[in-house]
Every structure is written in C-alpha cells, then in structure tokens.
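Please consult the sequence and the structure shown here while reading.

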Amino acid sequence: MDMTRYDFIVIGSGPAGRRAAIQAAKLGKDVLVVEKGRRVGGVSVHTGTIPSKTLRETVLNLTGWRERGFYGAAYRVKKDIQAKDLMARLHMTLDHEVDVLEHQFARNKVQTMCGLGRFVDPHTIEVALENGDVRQVYGEKILIAVGTRPYRPADVPFNGTTVLDSDEVVEIPELPRSLCVVGGGVIGVEYATIFSALDVSVALIESRSSFLEFIDHELIEDFTHQLRDRGMAIRFGSKVERIEFEGDRPVTVLENGRRIRADMLLYAAGRVGATDTLNITACGLVPDERGRLKVDPATFQTTVPHIYSAGDAIGFPSLASTSMEQGRIAACHAFNIPMPPAPDYFPYGIYAVPEISTVGMSEEEVRKRGIPYECGVARFRETSRGHIMGLNNGMMKMIFSLKTRRLLGVHIVGEGATELVHIGQAVLNLHGTLDYFIENTFNYPTLAEAYKIAALDAWNRMGAI
C-alpha cells in the first residue's frame, strides 16, 4: 500500500495535539493530525473543558448568581431555566472553537484526517475513515495525545438518561430537580456546584475524608463551608456499595446503609487514558492500568525515542493549559529545537462555583519542607470592588518565607480566582518578595487589591525582620 510520509503525525487534536502540530508546522515540518471525532478539538472542546466552563458561565448569567449578594437568594434573571437554554449557548461556543482551530490548522498548513488511528508498526499509523476506507500513513516522529475518557465500572448501570458519566452530562435533555454526584475530584466538584447554582438539590459523595487534597486545606475548608451553607449535601468517607433503582430514579446505597435518592446520578470517579484503541503494543509501548503512558517529564519522550506523548494521556496535572505547553515542548524536542527550562510553578484552576485557583506551595507543603513562614489573608468583602459586586464570600491566602520574604504560594477561592492568580504566578516565578505587594500600586477599585491587603496582613504578623 502506498503511504504518504509525514515529518510529524499527531494522534488527537485536543490542547496538547493542536499546540504540538502548530509548533511543528511553524518549524517547516509536514504535519498530519489524526482525529477520531467528526470535528477537531478533542475532548477539551467537545465534552470536557470548554463545555463545562461554558455551562458554568451560562448558569451564572441566567440565574443572576453574581447579583444575589444585593438582591437576595431568590433573585433570578430568567425564572424558568431549561436545558435547551444551556445547550443553545454551548453549541454556539463549540462551533466557534472548532472554527478557530480549523482556521489555525489551515493557516499553518497542518493537514487533518478524521478517523480512528491505530499503530501497525512503530512508524506506521492505519486510519479507519468514516466512509469505510482505510489509509496508512508514515510518521518520522509521532505524538500520542489522545486524552482520556470517563472511567465506567461494570457495576454502575449507565443508561445515558438518569445515570450518566461526565461526557454525557453536557447533552442532557432536561434539568433534574435533584442530582447525586459520585466522585469528589475536579470534574465531580465542578458539575456538583454548577447544578447547585441552578438550585438543583445536589448530594456529593466522596469515599475519602476530604476532596481536592492537593489544594491548601484552609482554602478547602472555606470552600466546603460555602457549599454546605447553600444547602449542598457532602458525604465524606462514604463508599458506594451499589446503585439500584426505585422506579426510574437511581438510588445510591452507601456502605454505611445510607440511601441517597435523586432524579439523576452523575458518576465522575476518575478517567482512563484513551489508548486502548491504538494497538499500542505494535509500537513497543505498554500503558499502565489506567491506560496512561510514561514519558520523560522534561521532553515528553516515551521509551520509544521517536514517539512522544502529552496531555491527559500521561496523567497529572491533566490541565488544558499545561497540556498545550507539553505538546509544544515535545514538538521542539522532536526536531532538536533547544528549549529553556520550564518555569517552576504553574497555576491550577478549578472552575467550580465559586472558583478555586492556586499556584506555588500550599501551607501543608511549606510545613513539610520545614520552611519558616507566615501567611496573610484577605477577604474579598474587605475590598471596595467586592462591595460594588456584592460579594459576601471569597478569600485570598498568601504564604511568605520568614527568612527571605519571598512569596511561596498564592491560594484563592471566590469570584475571578482563575484570573487573579496570574499576578501571584508572575511574582512567584520571578522570585519576588513581600515588598513587591507592599510597595506597588494596584488599580482601585479592583479585586486585585486583595494582594496588597493579604501582604499587609502577613507583614503585620511577621513584625520587623
């Protein structure tokens, strides 16, 4: 069979795949992107990052959530919100994202092929096209960026209507009056809080004693208090024994005998690498039990030198932002382009209601390392901008070294957290100190003033040093 040869074949067009493909194309390479979906964009665009964040923004707008600090908990912009209201904006956003991505590929002369790709040998990919045809292509270098899919245990009775995974929940035909979410990871927490903002009665089940354990614990305490204060039921330390039905309604039975009834159940306890369709052993790679691939963290090169992997398929941190950078680094390394060392810290954003964002070390990490430190805290209600916005909640926590005064970490929960964190990220990576925040002027009135308030709070606690 005649094969078209490419310098670089990318399997998957999510954040890691598209950034790698465009980077390689800018280096003058012949690039092919193989995407199993009908349209480019991957899980990030079609069922993951963009849909969930679009739903979140739509919910906050239609419910008037941000105005309730002034007008009360009963305030609504739209009285009767239906699933079709959410889907209309979602589909508009997804169409725009795909258009932008297709334009980027076209502008950079990146070729695309929609079909299911699988390895024939370490350099050859066989692509089963939608029309039934099969093509083989040769890649001098290859990047695996297939992402993940929801973990679906055999004993969970998924039916696509009342028992769903996180990919299916973005296409629900109608909103439930009650929802049970199994899994207190990022995805579970985001969807639980989004539906709660819609005034859906939500129960969140997490088998561990807490959730989001990589986040500063004081921040999680504040976040958990906000969720419980608005009526969300959170069941920590509760393992699911089985799921059964009462009529059409799913009932989650816990090991302690508790039964949680809801109109809908969202099972969001983990994801697995979508590598099982790649015939991965044909290229000499062996994924782990969750379908993830092991790579060199500096170059994203697998144990097969010409094959790379990036994005969610390699595991933590599984962020769209870091996946993009991983893809770019992999493409540069594949074609011998030297890269400067990566920054020490990157931000982590959780688009729950309220938002959480963090960068640097948590207080628990600082203690573990034995670093003498002090913290400063600012409440958003202490800022004039917070008053203008009607914010009753939200906080920023900053951690500084007592010895060097250097910033060690910034942790934010509340409105705009994922935007605000970048100031802290810049200062942290540039090795800035407490003095930056004390001496510099911030726009007034803004939520960014919380940096100065928190820094002054830390300064007062530190005393003369």
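## Basis of the description

Two strands are said to pair if DSSP finds at least two bridges between them. Helices (H or I, at least four residues) and strands (E, at least two) are DSSP runs, numbered from the N terminus.

The model is predicted: local features need pLDDT of at least 70, side-chain atom pairs count only at pLDDT 80 or more, and totals for chains, interfaces and linings use all residues. Residues are numbered from 1 along each chain as its sequence is written, and side-chain values use heavy atoms, with hydrogens and water left out.

An open sheet is formed by three strands in the order 11-12-13, with antiparallel pairing. Strand 11 and strand 13 stand at its edges with a single partner strand each, so one side of each has no neighbour in the sheet. On average, neighbouring strands of this sheet are turned by 25° against each other, direction ignored; axes here are lines fitted to C-alpha atoms, for helices over the stretch in contact, and angles run from 0 to 180 degrees between N-to-C directions.

Strand 12 (residues 249-254) is joined to strand 13 by three bridges, and the two run antiparallel. Within this pairing, Thr-252 has Ile-260 of strand 13 as its bridge partner.

Five strands make up an open sheet in the order 7-14-8-9-10, and their pairing is parallel. Strand 7 (163-165) and strand 10 (233-236) are the edge strands, each pairing on one side only.

Strand 8 and strand 9 (residues 201-206) pair in the parallel sense over five bridges, and Val-182 has Ile-205 in strand 9 as its bridge partner. Between these strands the chain passes through helix 6 (residues 186-197), and this β-α-β crossover is right-handed (with the strands pointing away from the viewer, the path from the first strand over the helix to the second runs clockwise). Strand 8 is also joined to strand 14 (residues 264-267) by four bridges, and these two strands run parallel. Val-181 has Leu-266 of strand 14 as its bridge partner, while Leu-179 stands opposite Met-264 in strand 14.

## Burial of strand 8

Which residues point each way from strand 8? Ser-178, Cys-180 and Val-182 point one way, Leu-179 and Val-181 point the other way, and all are buried. In a regular strand the side chains alternate between the two faces of the sheet. Buried means under 20% relative accessible area, exposed over 50%, and partly exposed in between (1.4 Å probe, protein chains only). Because five of the five residues of strand 8 (residues 178-182) are buried, the strand is largely enclosed by the rest of the structure.

## Salt bridges

The whole structure holds 29 salt bridges (a side-chain nitrogen of Lys or Arg within 4 Å of a carboxyl oxygen of Asp or Glu). One of them joins the side chains of Glu-246 and Arg-261 (3.0 Å, N to O). This pair links distant parts of the chain, with Glu-246 in strand 11 (residues 240-246) and Arg-261 in strand 13 (residues 259-261), 15 residues apart. Glu-246 is partly exposed at 34% relative accessibility, and Arg-261 is partly exposed at 42%.

A salt bridge also joins Glu-363 and Arg-367 (3.0 Å, N to O). These residues are four residues apart in helix 9 (residues 363-368), which means that about one helical turn separates them. Glu-363 is buried at 11% relative accessibility, whereas Arg-367 is exposed at 52%. Arg-405 and Asp-435 likewise meet in a salt bridge (2.9 Å, N to O). Arg-405 lies in the loop between strand 20 (395-401) and strand 21 (407-413) and Asp-435 in helix 12 (residues 434-439), so the pair ties together parts that are 30 residues apart in sequence. Arg-405 is buried, with a relative accessible area of 17%, and Asp-435 is partly exposed at 25% relative accessibility. Salt bridges that share partners also join Glu-241, Arg-242, Glu-244, Glu-246, Arg-259 and Arg-261 into one network.

## A helix crossing

The axes of helix 3 (residues 49-63) and helix 5 (residues 83-107) come within 9 Å and cross at roughly 135°. Helix 3 and helix 5 are therefore oblique to each other: angles under 35 degrees count as roughly parallel, over 145 as roughly antiparallel, 65 to 115 as roughly perpendicular and the rest as oblique.
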